[in-house]
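Okay, thanks for making time, everyone.

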Amino acid sequence: MIYTEKTFNTPEIAGISARTIDEHKKLYAGYVKHTNLILEQIAEMAKKSEPTPAETYAINEMQRRLGFEFNGLRNHEYYFEQLEGGQQKADMNGKLTAQMITDFGSVEAWLADFKRIAMTRGIGWAVLYYDKLNNRLLNTWVDEQHLGQLNGLAFIYGLDMWEHSYMLDYAPSEKKKYVDAYLAATNQTVCDKRFEACL
């Protein structure tokens with residue numbers, strides 16, 4: 001086993017049920033399991049000096065699948081880390097806040113842009129990245145969880161917008177309520193630390 005399932009101390013969240021969080025954690029566990037399974041199978045099949053065409057095809061398809069499973073694993077670790085310790089405000093005199101003001105004009109402008117992206121139709125993730133090369137923050141939509149990741153950029157904050165994140169609590173037409181509930185529950189000091197680790 002290469003990757004180990006992490007445990008997260010997730011407090012009670014207003015607007016997101018314990019059942020939703022528990023089921024969501026089971027999904028995360030599946031990403032860990034399948035990432036390990038794919039890596040183990042690729043390693044085993046790669047031992048063959050002359051794989052058959054069918055085996056070569058199978059390895060190639062597993063390589064394609066690896067990005068989906070691994071990013072599901074890692075994105076969910078970020079997601080649940082952001083809930084640990086309960087709701088805590090960002091340091092308004094901190095470096096991340098200062099960068100948001102530089103890049104978006106204000107924290108409120110960043111938040112409005114992030115919420116707009118989170119309401120993108122379809123399944124995926126709203127993500128705040130930091131581009132160290134150009135010293136700027138970027139909000140973006142990541143389709144599913146592996147198409148649209150920005151290469152080389154640091155993950156600062158992420159919001160899972162797949163239906164499994166909210167469907168036990170809200171209808172699809174009400175997903176804005178989930179967005180507001182999750183954002184309100186975030187331990188923003190986690191994001192402060194992620195950003196400061198990039199500098």
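So, look at Lys6 first: its relative accessibility is 39%, so it counts as partly exposed. By that I mean the band between buried, which is under 20% relative accessible area, and exposed, which is over 50%, with a 1.4 Å probe and protein chains only. Quick housekeeping: this is a predicted model, so local features need pLDDT of at least 70 and side-chain atom pairs count only at pLDDT 80 or more, while totals for chains, interfaces and linings use all residues. Residues are numbered from 1 along each chain as its sequence is written, and side-chain values use heavy atoms, with hydrogens and water left out.

Back to Lys6. Which residue does Lys6 form a salt bridge with? That's Glu77, with the closest N and O atoms 3.9 Å apart. The rule here is a side-chain nitrogen of Lys or Arg within 4 Å of a carboxyl oxygen of Asp or Glu. Glu77 sits in helix H2, residues 53-81, and Lys6 in the segment before helix H1 (18-46), so the pair ties together parts 71 residues apart in sequence.

Next pair: Arg194 and Glu81, joined by a salt bridge at 3.1 Å, N to O. Arg194 is in helix H6 (residues 188-198) and Glu81 in helix H2, so this one ties together parts 113 residues apart in sequence. Arg194 is buried at 13% relative accessibility, and Glu81 is partly exposed at 23%.

And these two pairs belong together: Lys6, Arg74, Glu77, Glu81 and Arg194 are linked in a network of salt bridges. Overall, the count comes to 13 salt bridges. Another one of them is Lys177 with Glu174, at 3.3 Å between the closest N and O atoms; Lys177 is partly exposed at 47%, and so is Glu174 at 29%.

Now zoom out. The protein has 6 helices and 3 strands, that is, DSSP runs of H or I with at least four residues, or of E with at least two, numbered from the N terminus. Along the sequence the pattern reads α-α-α-α-β-β-β-α-α. Of the 199 residues, 43% count as buried. And for contacts, meaning heavy atoms within 4.5 Å, residues 24 or more positions apart account for 71% of those with a separation of 6 or more.
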